[in-house]
Amino acid sequence: MNDPEEFYKKLKVQLADTALWPTAYLYKFIVPTDRSKIVLIESIFDNLGAVIHTKQSKNGKYTSVSINVRMKNPDQVILKYKEVASKVEGVISL
(Lines give C-alpha, C1' and ligand atoms only; values in the text may rest on other atoms or scores of the structure.)
Protein backbone atom coordinates (compact mmCIF):
# COMPACT_ATOMS: atom_id res chain seq x y z
CA MET A 1 0.00 0.00 0.00
CA ASN A 2 2.35 2.71 -1.25
CA ASP A 3 -0.22 5.37 -2.06
CA PRO A 4 -2.57 6.18 0.83
CA GLU A 5 -4.89 8.23 -1.40
CA GLU A 6 -5.35 5.27 -3.74
CA PHE A 7 -6.09 3.06 -0.72
CA TYR A 8 -8.71 5.52 0.56
CA LYS A 9 -10.35 5.78 -2.88
CA LYS A 10 -10.71 1.99 -3.07
CA LEU A 11 -11.93 1.83 0.51
CA LYS A 12 -14.60 4.45 -0.18
CA VAL A 13 -15.92 2.46 -3.15
CA GLN A 14 -15.92 -0.76 -1.10
CA LEU A 15 -17.72 0.90 1.80
CA ALA A 16 -20.31 2.49 -0.47
CA ASP A 17 -20.96 -0.87 -2.18
CA THR A 18 -21.10 -3.09 0.89
CA ALA A 19 -23.09 -1.22 3.52
CA LEU A 20 -26.24 0.79 4.01
CA TRP A 21 -25.29 4.05 5.70
CA PRO A 22 -25.31 5.07 8.49
CA THR A 23 -23.89 1.80 9.83
CA ALA A 24 -21.65 0.35 12.53
CA TYR A 25 -18.02 0.20 11.39
CA LEU A 26 -15.15 -1.67 13.00
CA TYR A 27 -11.77 0.06 12.97
CA LYS A 28 -8.66 -1.92 13.85
CA PHE A 29 -5.34 -0.33 14.63
CA ILE A 30 -2.02 -1.73 15.86
CA VAL A 31 0.24 0.59 17.84
CA PRO A 32 3.47 0.14 19.74
CA THR A 33 2.37 -0.40 23.36
CA ASP A 34 2.40 3.14 24.72
CA ARG A 35 -0.47 4.33 26.90
CA SER A 36 -0.35 7.87 25.43
CA LYS A 37 -0.82 6.54 21.86
CA ILE A 38 -3.75 4.38 22.92
CA VAL A 39 -5.36 7.30 24.78
CA LEU A 40 -4.84 9.50 21.71
CA ILE A 41 -6.64 7.00 19.46
CA GLU A 42 -9.46 6.75 21.99
CA SER A 43 -9.75 10.55 22.14
CA ILE A 44 -10.17 10.74 18.34
CA PHE A 45 -13.34 8.67 18.74
CA ASP A 46 -14.63 10.54 21.81
CA ASN A 47 -18.28 11.59 21.79
CA LEU A 48 -19.21 9.14 19.03
CA GLY A 49 -20.51 6.39 21.29
CA ALA A 50 -17.66 4.11 20.24
CA VAL A 51 -17.06 0.74 21.90
CA ILE A 52 -13.29 0.36 22.23
CA HIS A 53 -11.33 -2.80 23.05
CA THR A 54 -7.57 -3.06 23.45
CA LYS A 55 -5.43 -6.17 23.55
CA GLN A 56 -1.69 -6.46 23.99
CA SER A 57 0.36 -8.78 21.82
CA LYS A 58 1.89 -11.86 23.42
CA ASN A 59 5.21 -10.15 24.07
CA GLY A 60 3.54 -6.86 25.06
CA LYS A 61 5.36 -4.87 22.38
CA TYR A 62 2.21 -3.94 20.46
CA THR A 63 -1.41 -3.26 21.32
CA SER A 64 -4.37 -3.77 19.02
CA VAL A 65 -7.16 -1.23 19.35
CA SER A 66 -10.58 -2.23 17.99
CA ILE A 67 -13.20 0.49 17.75
CA ASN A 68 -16.82 -0.25 16.88
CA VAL A 69 -18.68 2.93 16.10
CA ARG A 70 -21.69 4.06 14.09
CA MET A 71 -20.58 6.20 11.15
CA LYS A 72 -22.71 8.36 8.86
CA ASN A 73 -21.03 7.56 5.54
CA PRO A 74 -17.81 6.28 3.89
CA ASP A 75 -16.28 9.80 3.92
CA GLN A 76 -16.62 9.97 7.69
CA VAL A 77 -14.92 6.55 8.03
CA ILE A 78 -11.99 7.68 5.89
CA LEU A 79 -11.64 11.01 7.73
CA LYS A 80 -11.14 9.11 10.99
CA TYR A 81 -8.50 6.85 9.40
CA LYS A 82 -6.65 9.92 8.16
CA GLU A 83 -6.92 11.66 11.53
CA VAL A 84 -5.48 8.64 13.36
CA ALA A 85 -2.68 8.26 10.78
CA SER A 86 -1.74 11.93 11.05
CA LYS A 87 -1.79 12.13 14.87
CA VAL A 88 -0.53 8.75 16.08
CA GLU A 89 3.07 7.93 15.22
CA GLY A 90 3.77 4.31 14.30
CA VAL A 91 0.12 3.30 13.95
CA ILE A 92 -0.87 0.54 11.52
CA SER A 93 -4.43 0.63 10.18
CA LEU A 94 -5.95 -2.75 9.35
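Me: Is Asn47 buried or exposed?

Reply: Asn47 has a relative accessible area of 80%, so Asn47 is exposed. Keep in mind that this is a predicted model.

Me: Where is Asn47, in terms of the elements around it?

Reply: In the loop that joins α2 (35-44) to β2 (51-56).

Me: And what is the phi of Asn47?

Reply: Positive, about 65 degrees, although Asn47 is not a glycine. Most residues other than glycine have a negative phi.

Me: Which peptide bond is cis?

Reply: The one from Trp21 to Pro22, with omega near -5 degrees. Most peptide bonds are trans. Pro22 belongs to the loop between α1 (4-18) and β1.

Me: On to β1, then. Which side chains of β1 point to the buried face?

Reply: Thr23, Tyr25, Tyr27, Phe29 and Val31.

Me: Why does Phe29 count as buried?

Reply: Because its relative accessibility is 0%, and the cut-off for buried is under 20%. Tyr27 also counts as buried, because its relative accessibility is 0%.

Me: Which strands does β1 pair with, and in what sense?

Reply: With β3 (residues 62-71), antiparallel, over 10 bridges. With β4 (residues 92-93), β1 is again antiparallel, over two bridges.

Me: What are the bridge partners of Phe29 in those two?

Reply: Val65 in β3, and Ser93 in β4.

Me: Switching to rings. How many aromatic pairs are there in the whole structure?

Reply: The search finds eight. One of them is Tyr27 with Phe29: the ring centres are 5.9 Å apart and the planes are at 15 degrees, so this pair is stacked. The cut-off for stacked is planes under 30 degrees apart.

Me: What lies over the face of Phe45?

Reply: Lys80, at 5.7 Å from the ring centre.

Notes
Residues are numbered from 1 along each chain as its sequence is written. This is a predicted model: local features need pLDDT of at least 70, side-chain atom pairs count only at pLDDT 80 or more; totals for chains, interfaces and linings use all residues. Side-chain values use heavy atoms; hydrogens and water are left out. Buried means under 20% relative accessible area, exposed over 50%, partly exposed in between (1.4 Å probe, protein chains only). Helices (H or I, at least four residues) and strands (E, at least two) are DSSP runs, numbered from the N terminus. Two strands pair if DSSP finds at least two bridges between them. Rings of Phe, Tyr and Trp (its six-membered ring) pair if their centres lie within 6.5 Å; planes under 30 degrees apart count as stacked, over 60 as edge-to-face and the rest as tilted. A charge sits over a ring if NZ of Lys or CZ of Arg is within 6 Å of the ring centre and within 35 degrees of the ring normal.
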